[in-house]
Amino acid sequence: MTPEIINLSRDPAHVRHGSNIGQPLTRRDGILKVKGEARYAADNHPPGLLYAVLAVSSIARGRVTFLDVPAAKRHPGVVEVMTPANRPPLAEDPDAKTNPFMFRLDLLQNDKVRYANQSIAVVIAETLEAATEGAALLAPQYDVLPPRIGLDSNESFVPPVVGIGNPSEIRRGDVEADLAAASKRIEATYDTPAQYHNAMEPHAIVAAWDGDRLSVDTPSQGLAMAQGRIAGLFGISPANIHIRSPFLGGGFGSKGFISGPQLLGILAARLVGRPVKLVLRREQMYGPVGHRAPTRQTMRIGVDGDGVLTAIDHHAKTVSSTFDDFFEPAADASHTLYASPAIATSHEAVRVDTGTPLFMRAPGEATGSIVLESAIDEMAFACGMDPLAFRLKNYADVEPISGKPFSSKALRQCYAQGAERFGWAKRPLAPRAMRDEAGLLVGWGMGTATFPALMFQAEARAVVRSDGSGVMETGAHDMGQGAWTAFAQIAADGLGLDLEQVEFKSGTSDLPDAGIAGGSAHTATAGSAIHNAGAAVIAKLADLAMGDKRSPLFGAGNAGVIARGGRLHRRDDETRSESYADILGRAGLSAIEARGNSAADPAAQSNYAMHAHGAVFAEVKVDPDLGQIRVTRMVGAFAAGRVINPRMVQSQLFGGMIWGVSFALHEQAVMDCRSGRILNANLGEYHIPVNADVPSLDVLTVDEHDPHVNALGIKGVGEIGITGSAGAVANAVWHATGVRVRRFPIGIDDLVMGLTA
Ligand code: MOS
């Protein structure tokens, strides 16, 4: 196996002296990426490599009755065809589930087909072309059963939990009584479609066995979890598995768990005894690697005569697969944003013949918040109030569902600063009241953004060497969000060194477990571990110095020391200092190391509600005759605790806002209810915004100091950007046209009838 090459840029333009946290450094891996030198999983070509291609099911429910394996094997270059008949044994049933973070997999365990695009065979060949042709020659035949597709296609039930372990139903107060007594009520039902992650980099794997040792190149948002899952399935020690995932071309939740196709790559390598590469084709990503489930959500809200919310009832119906459980926690979006004495959230689900839905960028929050924000907009208008004034009137000073205080919440500042930048004060209350010079209808809408500030567990290892340099290690994941840069900044400050003096090692499974890159919590979680590892190694250095009479720091114990510029300084007299090199040299040590951990603080968690917040304002223009919609500008103001790297944070928030545009106007997987197949399983017809669809974006970050979330006060910004943005765009479309569309994405066909009415 070729070694990974992670030669991160040492370009002096990236280096700032002094405090690294808070600096808008450019991506340290940016030049590698621009030059095409960043090595993604599929870029690896170990000697003797074979190519594996999946054959996938063209039916959604039934059984494979025939595969022309001999025809495929006769094709020149084809080495082997893996089917349920010869798939190497596994130590664990792929349909077993022993914890909520484990998902059932399709690993050729039998001939059953549970969804379209399910893997039914793997063809392994000397070339990609031969493997592709071999897969085509399999000409599968099936026993077909009618698929159940869509929210009404099966019996509905109340899922035991939604998301990961959230109660399916939560009630506070008496929603029914408060709705009955309300001075105004609205009830409306909204539909959101299935969406697919569509990371630019498809799921890919290069796997090589050496006896019972396994070497893997594959993108992962959770290296330790992937390592554990492989270990369980193959019955080998995690220590025998080395996974490299230095770069991911996006993940969005679909690479949080190692997927069936990736594991088939490992099985294929096992079967043929040679290294194997398996890369999903774009259309093969619509099934086995998760998706955002469709929802139908009903909102009922009531207000008193002053426009004060008295009841919020948010009910969501969603789907899961027939063989596993993931329930999009859409209604939970109504727990935190608006004060109301009565709040009820509930879920129901049906089982359909699709791949299991999964976490996808702001799971629950994205689907739920576009609905909540639409309903709030509808109610504001019903009350004759400006949507921002209505939100301020119903501002939650404590978390509505729990009654807990917020660990910090600078949402008022987000509203104020975002509105100011956007020019919201000039917005007419009535819809269809603005036109531009060209006669296009102009609408302004807003939405509130929120996402929980989560913390998982992570570990990091810090080393200071006698030459004055440092090392920081943690198996973190860079999906493009800038982990290589932001973590190195935290490491440098934690070690009291300049960025170029710190070697930051990451992205492989042999390093300390950095937790998962998910839940917008990676910077907070792994960053805290890095910070703590730095503090721990500095404390060891300080002990060495302060206990040594020859050190200028001798006896500084009570005052303590500060680590800066590769030296420890007495806190009470910073002119008295000593270099790390001198401290270690005198102690006869070539290096000193320490580990640091991070985890959620249970006391803080039980005392406070922890969320990031934001306010998004959008302008759209709609052609009054054709119904064509263009988003022309958006302003987002976000408060998410401490910002490690403002450039990366802005980029994440831009990405989230663009996804909001996509959710409101572009994305949907269209299912053929007869075949159960997805009709637009490609990037030509599964619409996502292109440059021409992306408006002028403006992001403000509002200062927020949060002493409770974690030592560094980081809340995370990966997912929040979608949440207010989708609703803001939808509300702007209403404001432009006066047509309220409750089915997303909003399209021309939804508007034309209303526009001409
Ligand atoms: Mo995410 S859906 O936590 O990558």
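Across the interface of domain 1 and domain 2, nine residue pairs are in polar contact, both residues at pLDDT 80 or more. A polar contact is a pair of N or O atoms within 3.5 Å; within protein, one must be able to donate a hydrogen and the other to accept it, and residues adjacent in sequence count only if both atoms are side-chain atoms. The model is predicted: local features need pLDDT of at least 70, side-chain atom pairs count only at pLDDT 80 or more, and totals for chains, interfaces and linings use all residues. Residues are numbered from 1 along each chain as its sequence is written, and side-chain values use heavy atoms, with hydrogens and water left out.

The domain assignment, automatic or from a database, gives domain 1 (12-36 + 457-599), domain 2 (42-145 + 203-279) and domain 3 (295-454 + 605-756). Over C-alpha atoms, the centres of domain 1 and domain 2 lie 39 Å apart. Their contact (heavy atoms within 4.5 Å) takes 18 residues from domain 1 and 19 residues from domain 2.

Between these two domains, about 1300 Å² is buried, with carbon and sulfur atoms giving 58%. Buried area is the accessible area (1.4 Å probe) that two parts lose on being put together, summed over both. On the domain 1 side, His477, Met479 and Ser509 lose the most area to domain 2, together 41% of what that side buries. Salt bridges between the two domains number zero; the rule asks for a side-chain nitrogen of Lys or Arg within 4 Å of a carboxyl oxygen of Asp or Glu.

Now the sheets. Helices (H or I, at least four residues) and strands (E, at least two) are DSSP runs, numbered from the N terminus. Two strands pair if DSSP finds at least two bridges between them.

β20 (residues 458-465) and β21 (residues 470-473) run antiparallel, joined by four bridges. Here arginine 461 stands opposite glutamate 473 in β21.

Another open sheet has three strands, ordered β4-β2-β6, with antiparallel pairing. Its edge strands, β4 (112-113) and β6 (141-144), each pair on one side only. Four bridges join β2 (residues 62-66) to β6. Valine 64 has tyrosine 142 in β6 as its bridge partner.
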